[in-house]
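Subject: Structure for you, with notes

Hello,

Here is the structure I said I would pass on. My notes follow below it.

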Amino acid sequence: MQQATATSLFPLNDLAEARRVLTLEADALRQLAQGLDGVFEEVIELLLETKGRVILSGIGKSGHIANKIASTLSSTGTPAFFVHPSEASHGDLGMITQEDTLIVLSYSGETAELSDMISYAKRFAISLIAITRKSNSLLAKAAQHALLLPPAPEACPMGLAPTTSTTLMLALGDALAVALLKRKGFSERDFKKFHPGGPLGKKLLLVSDIMRPYDDLPLVTTNTLMSDALVEMTAKGFGCIGILDNNKKLAGIITDGDLRRHMNPTLLSQKVEDVMTASPQTIFASLLAIEALGLMNRKSITNLFVLEQTTNQLVGFLQLHDCLRKGIA
């Protein structure tokens with residue numbers, strides 16, 4: 001029996017419809033990007049000047065998008081949360097203060113459930129930003145700034161279900177969050193504070209988070225005899241030992257491989273500086289642990305001494321197994 005192919009299992013008109021939807025929404029996003037103007041920049045300035053929180057609100061599908069935008073803003077350094085407009089009319093308006101900025105999403109700009117929130121913002125001089133389609137809508141007229149969506153048709157063949165419009169709102173929220181992130185100089189270290197869990201948290205671990213501390217390190221000075229160095233190396237159990245110069249900076253390293261290469265009857269009476277590998281590979285404590293793992297893989301090594309970036313002082317030690325134990329791979 002002839003095996004069914006993917007195209008025979010699914011009608012071609014389904015694929016055509018999917019491509020139509022995606023193309024239509026992609027075209028709408030291009031219109032949105034091209035239509036952005038100085039209002040967007042004014043909104044960014046307002047959000048940067050906000051002393052309180054950024055409050056997102058909307059009803060229906062717009063509400064779901066507003067909730068997601070609030071989450072994205074919060075995770076990228078702009079404290080934000082979502083207030084449901086119906087709940088706001090029954091007490092949650094008290095969550096919004098005069099130091100906050102309110103962003104309200106409504107494609108029509110005439111959503112009845114938003115009227116109490118808009119009136120509240122006007123009454124108490126709370127900054128209001130609208131994301132809407134119609135510039136002459138109640139919401140747009142009430143707002144200090146209105147970010148207008150382009151006149152793109154909904155992907156729904158009946159033109160009724162929010163599809164293209166919610167895609168535009170979502171993308172515009174991402175644009176706001178990323179613009180604010182860059183203006184604030186939000187770094188990977190900052191990102192790590194808000195994402196400690198899961199695979200992302202592991203990816204953002206720093207070398208300093210998982211390294212062995214300085215006091216645990218096997219260390220001797222350059223004039224130490226190999227007999228004494230081997231005692232220290234064995235006691236600490238790291239499979240290597242660091243050699244410090246007179247300024248207590250890392251001058252070299254002795255590994256099991258160095259011992260095998262220098263094995264001879266006089267080894268124990270030699271000084272460590274005659275056996276060590278000078279200028280060993282190191283890494284800074286402030287770098288990502290995944291960068292350290294990549295370096296060890298590229299250099300085919302399993303150990304790295306860790307330095308403080310500004311002073312080059314030795315602060316710790318990292319082994320390949322430390323990375324693996326933390327799930328960094």
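A definition to begin with: a residue is called buried under 20% relative accessible area, exposed over 50%, and partly exposed in between (1.4 Å probe, protein chains only). By that scale N312 is partly exposed, with a relative accessible area of 37%.

The model is predicted, so local features need pLDDT of at least 70 and side-chain atom pairs count only at pLDDT 80 or more, while totals for chains, interfaces and linings use all residues. Residues are numbered from 1 along each chain as its sequence is written, and side-chain values use heavy atoms, with hydrogens and water left out. Helices (H or I, at least four residues) and strands (E, at least two) are DSSP runs, numbered from the N terminus.

Two loop residues

N312 is found in the loop between β12 and β13. N312 is not a glycine, yet its phi is positive, at about 65°. S300 also has a positive phi, of about 55°, although it is not a glycine. With 66% relative accessibility, S300 counts as exposed.

Helix α14

Which residues of helix α14 (residues 289-299) are buried? They are A289, A292, L293, L295 and M296. Seen down the axis of α14, these residues fall within an arc of 160°, so they line one face of the helix. The arc is that of the directions from the helix axis to the C-beta atoms. The face turned away from the buried side carries the exposed residues N297 and R298. The cover over the buried residues of α14 includes α11 (207-210), β11 (282-284), β12, β13 (314-319) and α15; contact here means heavy atoms within 4.5 Å.

Helix α15 and D322

D322 is found in helix α15 (residues 320-325). D322 is buried, with a relative accessible area of 4%. Its side chain makes a polar contact of 2.9 Å with the side chain of R212 and one of 2.5 Å with the side chain of R325. A polar contact is a pair of N or O atoms within 3.5 Å; within protein, one must be able to donate a hydrogen and the other to accept it, and residues adjacent in sequence count only if both atoms are side-chain atoms. Leaving aside neighbours within four places in sequence, D322 is in contact with I210, R212 and F317.

Helix α12

In helix α12 (residues 226-236), the buried residues are M226, A229 and M233. They cover an arc of only 55° around the axis, which puts them on the same side of α12. V231, T234 and A235 are exposed on the other side. The buried residues of α12 pack against β7 (219-221), β8 (240-244), β9 and α13. G237 follows α12 and has a positive phi, near 70°.

The largest pocket

How much space lies in the largest pocket? About 230 Å³. On a 1 Å grid over the protein atoms alone, a cavity is a set of points where a 1.4 Å probe fits but cannot get out, and a pocket is an open set with protein on both sides within 12 Å along at least five of seven lines; lining residues have an atom within 4 Å of a point. Grid points are joined across faces, edges and corners, and a volume is the space filled by probe spheres set on the points.

The largest pocket is lined by 15 residues, of which I253, T255, T277, P280 and I301 are the closest to its centre. At least two lining residues come from each of β9 (250-255), α13 (256-261), β10 (277-278) and β12 (303-307). β12 gives the most, with 3 residues. By type, the lining divides into 6 nonpolar, 7 polar and 2 charged residues. Ala, Val, Leu, Ile, Met, Phe, Trp, Tyr, Cys and Pro count as nonpolar, Asp, Glu, Lys and Arg as charged, and the others, Gly among them, as polar.

Elsewhere in the chain

S165 is placed in helix α8 (residues 164-183) and is buried, with a relative accessible area of 4%. Not counting residues up to four places away in sequence, S165 touches Y107, L149 and E154.

N136 lies in the loop between β4 (127-132) and α7 (138-142). At 53% relative accessibility, N136 counts as exposed. Its C-alpha atom is separated by 8.5 Å from that of G109, 27 residues apart along the chain.

Regards
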